[in-house]
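Hello,

Here is the structure I promised to pass on. Please open it alongside this note. My findings follow below.

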Amino acid sequence: MGLGPYVEGHVLSWVLFMPGATAALLLLSGALIRGVFGSSGLPGEVWRAVALGSTSLTCLLVIAGVVAPFDPEKIGLQWVEYADWLPAYGVQYFVAVDGINLYLVLLTTLMLPLVLLASWRHIERSLRSFIFFLLIFESAVLGVFLSFNVLFFHLSWQLALVAMYFIVGIWGGRERVFAATKFLLYAGFGSMLMWVVILVLLRLNFEATGAPGLDLVSPPGSDQPGLLDLSIAATDGGVEWWQSQTWLFVGFALAFAVTLPLVPLHGWFPAAQAAAPTAGSALLVALGLQMGVYGLLRFALPLFPDAAAAFAPTIRALAVISMTYAGARALWEQDLRRTLAYLAIVQLGFILLGLFSLDEVGLVGAVLGSLSRGLTLGACVLLVGMLEERRGTRLVSAFGGLVGPMPVFVFLLGIALLASVGVPGSSGFVFELLALAAGFEVSPWLAATACAAGLMVGLSLYRGYRRLAFGPVVVEENRGLMDLDWRERALILALIIPILGLGLYPNPALRRIEPSVLEVARQMAERRSPDGPVATSAGSQEAGVR
Amino acid sequence: MLNELAGQTAASLRMIPFPPLAVGFLLAMVGIFGRGALSRRTVAVIAVAGLAASFIVSVIAFSDLVFAGETMALVDRIAIWIGAGVGSSALIGDLALRLDALSAAFSLVISGVGLLLVFYVARLPELLPSADADAQRFFALASFQVGMSLLFVLADNLLLLMLAFLGVGLASALLAGFRHVEAEGSRLGGRVLMAGRVGDVALLVASLLLFRVLADTDAPGTGLAQVRGALLGLEGAAAALPTWAGSGGAGLLDAIGFCLVLATASLLAQLVFFAGSSADSAAPLPGSALMQTVTGMAIAGYLVVRFAFVFSEAPLAAGAMTGLGMAAALVGALFACRVRGISAVLAWSSVSQLGLVLVASGMGAQTAAVFQVISHAFFKGLLLMAAGVVVVAIKGEHDMTRMGNLGSRLTLTRIGFWIGAFSLAGGLPLTAGFFSIQQVVIATRAADPGLAHGLIYPGVLFTLALTAFYIVRLILLSLYGETRLPSHVHWDEVEDPEPPILWAMGSLASLSILGAVIGFPQFWADFFFNGDIERSNSLHYFLASGVDPAPETPLDAAQTWAVSGSTVLMTVLGFAAAILGYAVRPARLVAWVHGPQRLWDRVAPRLSAFLSVPIRLGRLAGKRIGAAVRGWGRDRPPAEAGPHRTSAGLLRLLADQLIKQVQSGFVQHSLALSVTGSLALLAYFLWAGGH
C-alpha cells in the first residue's frame, strides 16, 4: 500500500514524532490564539479531540505502514532510518523495526487512543497539560522501542519517566506526591546507572575505533562499527574493573530492574499504581514496565552475553522470589489496583524466567510476554478505572454481586483476569508456556516454583473476582450501577480481541518475532568468549539435558 | 506405528467439536450483549441442533475409523498453532485433531449422552430457573462444555489438551455457580474454578516435563501419539532419561504421573464440590448431570487412560491413583448412603464411580476403566433424568424423606429408575453395569498380591454393597411406601413426563442394558454361547491400538466364577439391607440396619470436621502469614505520617535528614541529588580515564 511521497521511507519518523509534534503544535496554536484573540487559548475539548485524532492516526499508520507490510521471513532490521544528530557525542538518529519491537510499537500506539478515550470524562483539572504529557509520553516510549542508538534510547527513556512523573504527581489520587517522588527516586537511581554504563561504552568504543559511536549495530551503508562489534572483556582480568562485562551488565540490569520491577527494587510500583490516575496507571503497566524487558533483551543481553550467562541463575532465582513475594502480597490485598501491580510482578517472573533461560523458546516467550502483559494488565487497569469512576473506590470489599447490574463489565473483567493469569486460550498462556518450557530446561525446580506462585496469585484473583462479581448485592449503592457504555466496551474489546487472538492463534505473531530473536541469540553466541560461563544451571549440565 | 503416527487425513473431524463450541459462543455473546434477543425455545433448538450435528459427525468419523482398520488414526491438521525455537528444543503444537480408537469411543459417548441430556432439559424447562436469560446461559454453557470436552478427547497434542481442559473447567465453574446471586452458588462456582485451575497447572507441569523428557529423542514434540511412541520407544527408559527431577528417570516419570493424578484429582474435587455443597439448591441438576456423566466423569476417565503409558512406567504414581480412587469410591458411597437429597445421592454416587474408574486404571485395566465410564454415562444419565422428572413432578422438592409412593403415579419413570439401579449396582447380569463393574473387580483381584492391593479387592466389593444399598434406598424412599409429599404438591398433578422425555430416557435405558455388548467378556460369551463367539469383548480389541490394555482374561475360570459370585453376592446383600431397612421394616431388623446408619450419622460430621482440619489450618496459617506479609516492606505509608516514612531498605542507609529533604515531594531536591550524583560519577570517570 502506498503511503504517499512524504511518508514513504520515513514512516517510523512519522510514527515517532507525530504525537510529540501534535503536542507542540497544540501548545503553539494555543499561545498564538491567546496572543491574537486574548482568550484562554484552545479549549481542552479541542486538545482532546486533536490528540485522539493524532494518536489514532499514529496507530493506523503503524498498522498499515509497518505491521501489515512487515516481512516475517527477513532477518535483520526493516524500515531503517539513519541520520547524524550529534555525531561528536556519538548520538545518531537511528530507528528501525524488527520482530522484537514490532508489536511493542503497535501496543504503544494502540494504548494511547484507548487511554484518552478511557479518561474522556474524569480528567477535569488541567486537561490540556494532561494531554500534553500523554502525547510526550507516547513519543518518548516510541523512542525507547525504536531507537538503535544507545544514547537516543537513554534520552527517550528519561523523557518517558519525566512525563510519567508529572502524570502521576499532578493527576493522581490522595498520595500522588509521595508516589511520584518515590517513582522518580527509584527511576532516577536506575537512569543514573544506565547513564554511567553508556559513558563507559562511549569511551570503550572511542578507544577501539577512534571515533565516538553509540549505535547498537553498524548502520546500513556505513563502515562505522556498532557496539555489538566491540569486544568487551568478560571479566576484569587485564582491564579496569569497570570496563568488564560483569559491572557494565550489573549497571544496565539494575537500571532495567527498577522499571521491570524486580523485587527488591519494586517499592515504588504498587504505590505509583495505587496513586496514579487510571490513564497513568494503564500506561505504566502496559508500556512503562515493558521498557525494562525490552532494554534487557535489546541491549543488555547481546552487549554483555558472558555476564548475562553468569548472572542468569541469580536473576532466575530473583524472578521466582519476586513472583512468590508478589503472589503472597496479592493474597491479602484489598485494593484492586495494587493487586494488579502484584500480578504484573508475577507475570514479570515468567518473562524473566524465559529471558534468562537464554534459549530461543524462552526469548520468544519473553517478547510475547511483554506484549501480553501490556495488553492484559492494560485492560484490567482500565476496567478497574471504570469501576472506580462509578463508585469512587477500588476496594474489593465495597462490591459484590456486580454481575446483576454490570454483566458486560463482569464478563470482560473475567476474560482480562483469566488472560493475565495465563489461562489457556489467552496470550498469557502462550507466553507462560514458552517461558516455562525454557525454564524447565534449565532449572526445573525454579520453574515448578514459578508455576506454584502463578497458581497462588491466580487463586487470589479468582477469590477477589468472585467477591466482586457474584453473590448477593450487599451494598445498596451497587444495585444502581450503570453497565459499560459503548465507548467503554469498544475500548476494552480493542484489547481483549488481540489477547484472545494471540491466545487462540499465536503462530502469525510468533513467526514475526522469532527470526529477530534468533538473530539476538546468534549475536550472543558470537560474542561469547569461549571460556565464559555457560547459560544453563549446574544441575542441568550434570544431567546433560541438552 | 508409522501409520498410526501419520494418520489418515480427515478434515471432517473439526466438525465434531465446532458446532457446540460455536453455539456456545453465539449464545453467550447474544446473552451478554443483546439480552432478550432470542426466545427460550429458539435457544434450546439451536443448542440441541449443535449437539446433534456433533453427534452425527462423530458417528460418521467412528465408522470411517472402523473401516480404516484398527491400527489407523484419523487426523485433521488445521494449522500450526504455536511454534517457537529450533532443533530439539523447539516447541511446536499444531491446531490438530486426532481420532483413534480411544477418542472415537469417548467422542461418541460425550456427544451422544450430551445430546440426550440437553434435549431432555430443553423439553423439561422447569428444571431451570424461570428467567429466559438463565435458560440461555445454561444452554450456552452446556454447549460450550460439551464442545470443550470433545476437543479434549480429540486433541492431537498436549497444548491443545491443556486448552480444552481449561475450557471444561471454566464451563464447570460457571455451571456450578449458576445461581451466583446466592452466596452458596457463588462460593461453589469459586471452589470449582479453583480446583480446575489447580488441575490446569498440574497438567501444564506434566506436559512440560514430558516434553523435556523427549527433547533428546529422535521424535521430540508435543503430539500425543508422538509422545507415547517416543516414550515407549526409549530403550531402558529409566537409564536414558534425565535425572534432574529425581533419582533416575523413573523418578521423573513418577513426578509426571503425580501431576496427572493431581489433574485427575482436580476433576474429582469438582464432582465432590458439586455433591457436597447441597447440590439441590446451589448447582441446578442439569449442569450437575452433565458433569457427572460426560464432561467431568468422562474427561477424568479419558485423561487417566490416555496417559496409561506414563502410569505403566511410574508405579508410585499409579499406586497413588489407585489409592485416591479407592478412597473416593468408599467415601462417595458412604456419603450417598447418608444424604437425603435425591440429586445429592446421585452426585456422591458419581464420585464413588469415578473412584472405581481410577482404581481400574491404576491397576492397569484400561478397558475396564473405559467401559465403566461408558456404562456409567448411560445408567447415570438415565437415573439423573428420572430424578429430574421426580423433582419437577413435585415442584422442586429434593428431600427424599418428603416423597414416598411416587412410583404409583410415575410408573414409567419407576421402570427407568430400576433399570438404572440394576446397572449401577452391577447386580443383575446382562446389564452394561454388571459387565463393566465385573471387569473392574477382576482387575483388582488379579493384581499382584500385597498389602495395598489386598485391601483394594475387598474395598471394591464393599463399595458395591454400599452402592446397591444407597440406590435401592433412594428408590424405596422416593417411589414406594407412604406418601409424605409437602402440602403444596397436588397428588393428581404428579404424572410421567411427555413422550419425548420418555424417549430420551428410554434410549439411555436401552443403552444401560444393551451396552453390555460393547464389552461383553469372553468368559461370559463362552458360557452363554458355548464358545461360538470369538473376540466378544469388542471394546477390548478396539482399544488395543490406542491404549495398553491388560490381558483380557487375567483369571482362570474358577477364579472368575468366584469374583462374579462375590460381585452378585455383595450387590444382593446391599439390596437386601436396603429393602429390609426401608420397605419390610421388621422392628428388630430395622434396628439392626439402622444401627450402622445411625453410627454413620454420628461419624460423618466428625469425618467432615476431620477432613476440613487441613483447610482450617490453612486458613489460620494464611491469616498469620498475611499479617506477617503485610508487615514486610510496608510501602504504603500511614495517611498521616507523611511521605518520608518509606521503608525502602536502600534509602534507610542514608542519613535521615537527607532522606527527608529528598522525599519532601519537591522535585528540585530529587533533581539536585540526581545532578550531583551524575556530576560526581562523571568526574570520577574523567579522572579515571586520565590515569
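The largest nonpolar core has 464 residues. L383(A) and L434(A) are the residues with the most contacts inside this core. The element that gives the most to the core is helix α16 of chain B, residues 366–393, with 19 residues. Keep in mind that this is a predicted model.

Look at L383(A) next. Leaving aside neighbours within four places in sequence, L383(A) is in contact with F409(A), L412(A), L413(A), A416(A) and I492(A).

Now chain B as a whole. Chain B contains 28 helices and three strands. Of its 691 residues, 56% count as buried. Take the contacts in chain B between residues at least 6 apart in sequence: 78% of these join residues at least 24 apart.

One position in chain B may be worth a look: L428(B). Where does L428(B) sit? Its place is the loop between α17 (411–425) and α18 (432–446) of chain B. Is L428(B) buried or partly exposed? L428(B) has 17 other C-beta atoms within 10 Å. Buried would take 20 or more, and exposed 12 or fewer. L428(B) is therefore partly exposed.

As for its contacts, L428(B) touches F422(B) and F434(B), not counting residues up to four places away in sequence. S507(B) lies 79 residues from L428(B) along the chain. The C-alpha atoms of L428(B) and S507(B) are separated by 19 Å.

Best wishes

Definitions and conventions:
Residues numbered from 1 in each chain as written. Chains lettered and ligands numbered in written order. Predicted model: local features only at pLDDT ≥ 70, side-chain atom pairs only at ≥ 80, totals over all residues. Core = buried A, V, L, I, M, F, W, Y, C linked by C-beta atoms within 7 Å. Helix = DSSP H or I, 4+ residues; strand = E, 2+ residues; numbered from the N terminus. Contact = placed C-beta atoms within 7 Å.
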